[in-house]
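Colleague: Could you take me through this structure? I have not seen it before.

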Amino acid sequence: MTKAPANQIETKTLNVSFHSNQVLKNIDIKIPAKQLTAIIGPSGCGKTTLLKSFNRLLEIQDDVKITGELIVDGTDIMKPGLDVPDIRKKMGLISQKPYPLPMSIFENVAYGLRIHHDKKAKALEAAVQQSLQEVGLWNEVKHRLHDPASRLSVGQQQRLCLARALAVQPEVILCDEPTSALDPVAAQQVEKLLLKLKKDYTVVLVTHTLRQAKRVADYVIFLYFGRVLEQGPANEVFTNPKSAEMKAYLSGEIS
Amino acid sequence: MIASVLIVIGSLFFIVLVVVLNGASSLSLEIFTQTSEGGFYLGKGGGFLNAIVGSLLLAFPATGIAFLVGIVIALYLQRDFLHPGIAQFIRLCLDILWGIPSIVYGVFCLTIMIAIGMGGGSVFFGIVALTLLEIPIITRSIDESIKMVPLGLKESAYSLGSTKYETSIKVVRKQAMPGIIAGILLGFGRGIGDAASILLTVGDSNYFPTSLFDQTAALPTMILNLASMPDHIVQRKAYAVAFVLLIIVLLISIITRYLTKKSSKYIIK
Amino acid sequence: MSSTLKDTILKQKMVLIALFIFLLSLLSLFIVQNVVLFALFLVVFIILLLRHLIHVTRKLYNLLGTRIMMIITVSMIFLFFLLLLTLLQGSFQIINDQSLAELIFSSNWKPFSGHFGLFAVIIDTLIVTAVSMVIAVPISLLTAIYITEYAPKKFRQMIRPFIDVLAGVPSVVFGLCALLVLVPIVRDSIAPLFGVSTSSGFGLFTASLILSIMVFPIIISLCVESFSSVPLALKEASLSLGSTKWETVKKVLFRASGPGILAAIFLGFGRAFGETIAVSMVVGNQELIPSTLFGPGQTLASLIASNYTEVSSIPILASALIFVALLLFIVVLIFNLLGFLVLRRASKRWKY
């Protein structure tokens with residue numbers, strides 16, 4: 001096993017613009033491995049855009065221009081000629097609203113394994129079970145694995161999406177406000193899961209609730225209108241903010 | 001307002017009623033079991049089994065080919081593959097093709113048939129004409145339902161490491177399934193009922209076609225032929241054929257409802 | 001343990017290396033002509049291929065799949081132009097023979113003596129289309145409003161499937177009913193009502209009537225669809241400002257679904273304009289401009305249907321009919337472009 005470098009993701013002067021409207025400006029950040037990094041900031045400041053640029057998901061949209069370096073595991077993944085699906089496989093995405101695939105619960109988790117041919121048919125069921133257990137969904141769905149995934153509750157769907165992402169064995173889990181569409185109980189479940197997962201994965205969490213960031217984050221990045229104003233270990237940033245905007249954000253004057 | 005509702009409902013009901021009443025009364029078993037040889041057009045016995053078979057032989061292959069072509073184009077029109085501007089241009093072309101009167105497709109095929117010296121009409125060119133007619137219909141209907149696939153779903157598929165091709169074939173296709181089914185059946189309905197394109201391309205026959213290059217009868221052209229006969233009793237037989245067409249259209253609608261409901265089980269909203 | 005991204009990238013490079021080695025093996029066979037070297041390279045290639053088979057096949061599927069999709073799409077566009085070119089090329093003969101002006105502005109259509117003037121047919125087509133739209137559009141619009149805004153829920157649930165099914169009924173069925181039922185009615189009751197006693201029942205009016213009945217379901221179902229997509233909040237806003245229901249319909253519903261109504265009318269127009277079979281069964285098939293609306297005429301589309309059987313005996317007639325088809329194509333083309341532009345402008349203006 002190769003030793004994971006201290007910084008899993010690093011960006012150098014990353015710029016992103018949609019339709020000639022610059023959303024991210026000169027982003028230079030470091031995301032430490034096997035920790036939970038929270039990206040916080042007022043809404044509309046480019047948090048989601050930054051998150052989706054990590055696994056090159058922005059490219060499927062119209063009229064996007066991305067420049068700069070994006071270094072994952074010591075390799076610049078913005079270099080042309082790389083196989084983008086393989087990069088994405090390494091980074092699971094949990095979106096704001098859960099989007100299970102239009103298939104059964106079982107097939108949802110098995111999908112990633114099937115397309116990558118990672119597992120033989122026999123091992124497939126075991127792998128699916130393991131992923132579902134990891135997110136605590138197994139006992140809830142083991143009797144109806146072949147029901148449509150759309151029949152699950154939203155909270156269950158979100159955990160299914162997590163299980164689906166874990167099945168392909170990513171290194172990084174990107175979460176885009178994963179609890180904002182959920183009821184409080186389900187949100188707490190997902191939050192606990194993320195805390196558990198950071199032992200084995202690098203977790204990047206976009207959140208607009210400050211309290212959530214304070215509860216779970218090890219490392220914090222503060223985005224303000226497309227710029228990174230602060231980054232550092234969570235306790236440092238929260239107890240000792242340097243910029244005026246961060247102070248205002250912490251005191252709840254801007255949200 | 002009420003008056004206009006009455007006019008619309010009245011006239012449409014009237015048409016259905018005329019066909020159903022007259023058609024049902026001239027239906028008989030022999031109509032479904034015999035071909036039109038031996039004077040069906042002259043007021044003697046016989047049936048239109050050959051037209052039913054002919055119509056199915058035309059519409060099924062045409063719908064099949066048009067579906068294969070249509071779904072491929074519709075998937076390719078996604079922004080994942082094609083610049084949205086170009087896709088818009090192709091949509092415009094398809095809309096124009098959809099709007100072209102079907103007789104133009106008939107003339108197009110007839111031109112080719114004359115050019116290569118096969119002017120008599122055949123099953124093959126009937127299928128070609130119907131395929132051309134159905135491609136824009138099926139493509140645009142599938143395209144509309146693919147447009148509805150949420151971006152988040154595609155992002156999910158991509159972030160699991162799917163290639164563009166896998167995302168389209170395995171995820172987008174499943175999500176768009178109800179629209180795809182509706183599109184296929186819409187195309188089939190148009191194909192089996194269209195007379196103008198077939199009129200110029202398949203000729204006529206009292207027998208079952210035995211090869212691709214035989215002439216054949218079909219339901220819509222048979223209505224035309226029967227209706228143009230001077231004898232009133234023969235003319236009324238056209239109602240029976242029209243009744244069968246009406247039943248087919250109704251069946252298609254019922255099947256569409258059933259299948260779209262069934263296939264939307266897995267759809268993510 | 002899962003492989004890291006570096007391993008994955010290495011894997012990709014291996015695929016390229018494998019392909020490169022395959023190329024080398026081909027080179028050594030054909031250019032260096034050394035069989036041993038070829039075998040060596042081939043073995044290395046096969047080993048690499050087997051180790052990274054999945055990776056290679058997925059890439060290949062993606063590449064080939066995408067290429068095939070592209071080829072089919074491009075050939076579709078090609079087909080569009082092929083259609084246009086074939087019709088253009090087919091009509092060259094008649095244009096050379098007759099001159100465009102004579103074709104379009106002469107009313108003398110006598111194929112057997114070599115005259116192919118289309119003026120009367122064009123005018124008839126315009127009349128039939130216009131009359132049918134004048135009948136169909138207001139009635140369909142009112143019906144659509146009734147269905148979405150005023151009708152009880154039960155009625156709405158029953159009527160919508162009925163209309164949708166009727167939109168799919170083949171035109172030849174409408175034509176048949178028109179021929180056997182409408183023609184006698186027009187002859188015996190409607191024409192005398194307007195003071196025309198000599199009508200045979202076959203004529204422009206009968207054709208317009210059946211066309212308007214045919215386009216009812218099309219316009220209604222499209223309008224109902226776009227009316228029901230108007231957000232409820234918009235209607236509520238208008239009603240809460242004290243407008244009556246009818247004012248709301250006029251000011252809110254019509255404006256908000258303007259593009260949808262336009263699209264429905266365009267589609268109905270296209271259907272009426274190009275309808276062939278139903279029209280040819282009842283229009284009378286005479287290439288002249290009748291003195292009354294009840295007299296017999298001929299439309300562009302029905303002209304083709306009623307003349308194509310003579311193609312084998314008069315060769316140039318084929319070219320003339322192809323020219324008529326070209327005219328139909330061009331009109332549809334222009335109308336679609338117009339509709340596209342209008343709708344694009346409209347949907348920009350109507351965005352809310």
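Predicted model: local features only at pLDDT ≥ 70, side-chain atom pairs only at ≥ 80, totals over all residues.

Colleague: How many residues of chain A are in contact with chain B?

Modeller: On the chain A side 29 residues are in contact, and they meet 26 residues of chain B. Together the two chains bury about 2500 Å², with 64% of that on carbon and sulfur atoms.

Colleague: Which three residues supply more of the area that chain A buries than any other three?

Modeller: Those are Ile60(A), Tyr99(A) and Pro102(A), which supply 27% of the area that chain A buries against chain B.

Colleague: And how many salt bridges are there across that interface?

Modeller: The rule finds 1 salt bridge between chain A and chain B. The side chains of Lys52(A) and Glu155(B) meet in a salt bridge, at 2.9 Å from N to O.

Colleague: Turning to chain C, which residues make the nonpolar surface patch?

Modeller: The patch, of about 670 Å², is made by Leu26(C), Leu27(C), Phe30(C), Ile31(C), Val32(C), Leu37(C) and Leu40(C). Helix H1 (5-30) and helix H2 (35-51) of chain C each give two or more residues to the patch. The largest share, 3 residues, comes from H1(C).

Colleague: Why does Leu37(C) count as partly exposed?

Modeller: Leu37(C), which lies in helix H2 of chain C, counts as partly exposed because its relative accessibility is 33%, between the 20% and 50% cut-offs.

Colleague: Last topic: which residues of H8(B) are buried?

Modeller: In H8(B), the buried residues are Glu166(B), Thr167(B), Ser168(B), Val171(B), Val172(B) and Gln175(B).

Definitions and conventions:
Residues numbered from 1 in each chain as written. Chains lettered and ligands numbered in written order. Heavy atoms only, no water. Patch = residues over 30% accessible without salt bridge, like charges linked within 9 Å, V, L, I, M, F, W, Y side chains within 5 Å. Areas by Shrake-Rupley, 256 points an atom, 1.4 Å probe, with all protein chains shown as cover. Salt bridge = Lys/Arg side-chain N within 4 Å of Asp/Glu carboxyl O. Helix = DSSP H or I, 4+ residues; strand = E, 2+ residues; numbered from the N terminus. Buried < 20%, exposed > 50% of the residue type's maximum accessible area, 1.4 Å probe, protein only. Contact = heavy atoms within 4.5 Å. Buried area = accessible area lost by both parts, 1.4 Å probe.
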